[in-house]
Amino acid sequence: MTPDSIQTGLKSRLVGTTVHVHESATSTNDLAWIEVGRGAPDGLVIVAAEQTRGRGRFGRTWHSPRGGLWASVILRPSPVPQEPILITCVAALGMREAVEALGVAGPKIRFPNDVVVRDRKICGVLAECRLIGNQPDVFVIGLGLNVNNDLPGDLPDATTLKAELGRETPVAQAARTVLEGIDRWYDALRTGPRQVIAEAWREHSSVLGRDVIITIGAHSLRGLLEDMDPGGGLILRLPEGGVRRIQPEFVNELKLA
Ligand code: BT5
């Protein structure tokens, strides 16, 4: 994979106008933060053919052997959105759209950051930010998409494009489609009302209206997920009656009950 193989035919305003490709990285997010320190522009993308220490949220491990798409995008939104979680929504919406454009029917967003197909995780998003004071400044968005890679046996609820389509997809093509998806939604964030993002996030949710278990720190809550909004939080109707409002950034895990 080369920058050219990804960028040839790329229909993108900003995301991926510069692409760096590495054979191997600890984590593409680590390389992206080095580029941030060097003053990298908005929309710069780092791709690695494999990661030796791919990471998820809360220090979890992300399995990233050759054959998958492991990438990070540097985003410098100006102004920074009042609700920084909108950046995660942009990434999840862009990834979801890309999975559909690559031929998989009905991909959904499993709150807050997974794209799932038939409730199996095909993609994960890891949004990290630099703070100036307590204000987010630059974001590095890590994007992991299982393309042709194998999955370990301890991830039975995961899937790949190859397993869904019954054929391989060139990783460069998957990368191009993903960058176009992120570009479209990043553009929507900069130009449109935030409501467009919030509504699409709700529309494509795999968990809205379902019975879920939400883990916050050491506590779990079970209930019906009645509503969700990036700023307004998750509205959970409890079996014993009453509702709880939960801010997205405090949720460690949300799974179907
Ligand atoms: C995520 O975390 O889903 C974010 C994953 C982001 C990965 C990208 S790859 C490029 C960039 N560089 C990085 O180092 N990371 C980003 P989380 O919601 O915490 O989910 C992690 C959990 O997903 C793990 O604990 C496993 O259960 C599961 N998992 C690990 N590898 C997986 C894979 N390849 N496919 C599906 N599920 C996986």
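The model is predicted: local features need pLDDT of at least 70 and side-chain atom pairs count only at pLDDT 80 or more, while totals for chains, interfaces and linings use all residues. Residues are numbered from 1 along each chain as its sequence is written, and side-chain values use heavy atoms, with hydrogens and water left out.

Q: Which residues come nearest to the ligand?
A: The shell around the ligand holds 25 residues. By class it has seven nonpolar, 13 polar and five charged residues, where Ala, Val, Leu, Ile, Met, Phe, Trp, Tyr, Cys and Pro count as nonpolar, Asp, Glu, Lys and Arg as charged, and the others, Gly among them, as polar. Those that come nearest are Ser27, Arg55, Arg57, Arg60 and Lys121.

Q: Which element gives the most residues to the shell around the ligand?
A: Helices (H or I, at least four residues) and strands (E, at least two) are DSSP runs, numbered from the N terminus. Helix 2 (28–37), strand 6 (120–132) and strand 7 (135–145) each supply at least two shell residues. With four residues, the element that gives the most is strand 6.

Q: Which residues lie nearest the centre of the largest pocket?
A: On a 1 Å grid over the protein atoms alone, a pocket is an open set of points where a 1.4 Å probe fits, with protein on both sides within 12 Å along at least five of seven lines; lining residues have an atom within 4 Å of a point. The ligand sits in the largest pocket, meaning that more than half of its atoms lie within 2 Å of the grid points. Of the 40 lining residues, those nearest the centre are Arg60, Trp62, Arg110, Asp114 and Lys121.

Q: How many residues does strand 6 give to the lining of the second largest pocket?
A: This pocket is lined by 22 residues. Helix 3 (85–101) and strand 6 each give two or more of them. The largest share comes from strand 6, and the number is five residues.

Notes. A residue is near a molecule or strand if one of its heavy atoms lies within 4 Å of it.
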